[in-house]
Amino acid sequence: MHTYDARLAELVFDYMRDRLQLDPVPLDHPGDREKLDAVLNGLLTAEGHDPSSVLSVYADHLAPAVISCDSPRFLSFIPAAPTKAALLFDMVVSCASLQGISWLEAAGAIAAENQVLRLLADLAGMPAQAGGCFVTGGSAGNLSALVVARDTARRRLGLGPYDRVRIAVSGQAHSSVHNTLNIIGVEAFVVPTADHRFTGGDLRSALARDTDTAPVIGVVATAGTTNAGIVDDLAGIADAARDLGLWFHVDGAYGGAGLFAPSVRRRYDGIEHADSFVVDPHKWLFAPFDCAAVLYREPHLAKAVHTQDASYLDVIHTDAPEEWNPTDYAYHLTRRARGLPLWFSLAVHGTDAYRDAIEAALASAREAAEQIRRHPRLELIREPELSAVLFRRRGWGPADYDAWSKRLLAGQVAFVTPTSWEGETVARFAFLHPGTTPAIVTEILNTL
């Protein structure tokens, strides 16, 4: 079973080459449960099957039932647009079967990952000692960072493990932040905001009115909300956090990539003061799934929380300063070296190419907003700050948006799903792919 099968390798390599050569990548369609069940029925047997027939099941039936988020016509949720270099190197990482938890086992891989983490920290203006690791996604990054915020504050305040503590968030914080707080037993102190942007003044005012005796020990700001791409008042929140002794966490899972773009860099002023920061390269930094970076201003605080002690792990924990164990900086233990495809792509293409690709998405958003303003039946809801664009079709209700979304996908024009804004169903574009042209946007808007 573990021997190299040249014929199997050739089949898989041929399929991967064909997939990588798709340009542009087609959208494809959502799957039909009964059809998928029928084609999969009886496939897992004691004897196994010829590899060509199994690969045909995937190529002919399963893959077409997956909507391709790396298509330039995928404008829903927050898509992904991995570079071919990153995808190819992801195969290298998989073939190497790296166990990327420790310097002892994977020093070469970790050194390369840390080079990328240093680049991200420098873009954010974080100090020289900043560091962290790559995790599966923004949810894992937020969970790992906010556990550190909780435990660091409890030690500082002399609190027990079951004493109530709270972390300040806005109503626009990502769902993973609220989920994290539920998981770690921390209450959300929800701060009212004006126009959906969380400011330092909002935080100070809410705390001044607060009568609850449970301490607020941290604050989460968002560098690019998922729904509208709003960047919170990072500088003002950083100042308030410093004055009030709060852990300052920045969730930049989607929008943090904008640090590469000179046209919007000033929106991120204040991020350099973050105690922890999350950005997902599998979103807007053109890495494959699953890849997120979590960075700490003082990594030793994370290490004190996340290091797992066990006799069989003693060998990886030494006092050597050059050794860096990613398992010490998040809740995970077993970990693939998921930062390596990003490292390879950055090294191959250069940071200027990343800057240009991110600026292209920002330009697409601005162009789309202009087209919407000129459209007689559409209304732009707010000016885009990053690459998310919210708009409405006058006279439409939820059923109209749903039907329109289904027509677009059925015709392979685009994948655009509705969202909600202040209780109203509206339309939303999420631009990330540099291949999404103004002509594609025009084609979509002409259907409204």
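By class, 22 nonpolar, two polar and six charged residues make up the lining of the largest pocket.

Student: What kind of model is this?

Tutor: This is a predicted model.

Student: What is the volume of the largest pocket?

Tutor: The volume of the largest pocket is about 890 Å³.

Student: Which residues lie nearest its centre?

Tutor: Of the 30 residues that line the largest pocket, Y15, R19, Y58, D70 and L87 lie nearest its centre.

Student: And which helix gives the most to that lining?

Tutor: Helix α1 gives the most, with seven residues. Helices α1 (6–20), α3 and α4 (84–96) each supply at least two residues of this lining.

Student: Turning to α2 and α3, how do their axes cross?

Tutor: The axes of α2 (residues 33–40) and α3 (residues 51–62) cross at roughly 170° and come within 11 Å. Angles over 145 degrees count as roughly antiparallel, so α2 is roughly antiparallel to α3.

Student: Which residues meet there?

Tutor: L36, V39 and L40 in α2 meet V57, H61 and L62 in α3. By class, this contact has five nonpolar residues, one polar residue and no charged residues.

Student: What about the second largest pocket: what is its volume, and what lines it?

Tutor: The second largest pocket has a volume of about 280 Å³. Its lining has 18 residues, and A81, P82, T83, H433 and P434 lie nearest the centre.

Student: Which helix gives the most to this one?

Tutor: Helix α13 gives the most to the lining of the second largest pocket, with three residues. By class, that lining has twelve nonpolar, three polar and three charged residues.

Conventions:
Residues are numbered from 1 along each chain as its sequence is written. This is a predicted model: local features need pLDDT of at least 70, side-chain atom pairs count only at pLDDT 80 or more; totals for chains, interfaces and linings use all residues. Side-chain values use heavy atoms; hydrogens and water are left out. Axes are lines fitted to C-alpha atoms, for helices over the stretch in contact, and angles run from 0 to 180 degrees between N-to-C directions. Helices (H or I, at least four residues) and strands (E, at least two) are DSSP runs, numbered from the N terminus. Angles under 35 degrees count as roughly parallel, over 145 as roughly antiparallel, 65 to 115 as roughly perpendicular and the rest as oblique. Contact means heavy atoms within 4.5 Å. Ala, Val, Leu, Ile, Met, Phe, Trp, Tyr, Cys and Pro count as nonpolar, Asp, Glu, Lys and Arg as charged, and the others, Gly among them, as polar. On a 1 Å grid over the protein atoms alone, a cavity is a set of points where a 1.4 Å probe fits but cannot get out, and a pocket is an open set with protein on both sides within 12 Å along at least five of seven lines; lining residues have an atom within 4 Å of a point. Grid points are joined across faces, edges and corners, and a volume is the space filled by probe spheres set on the points.
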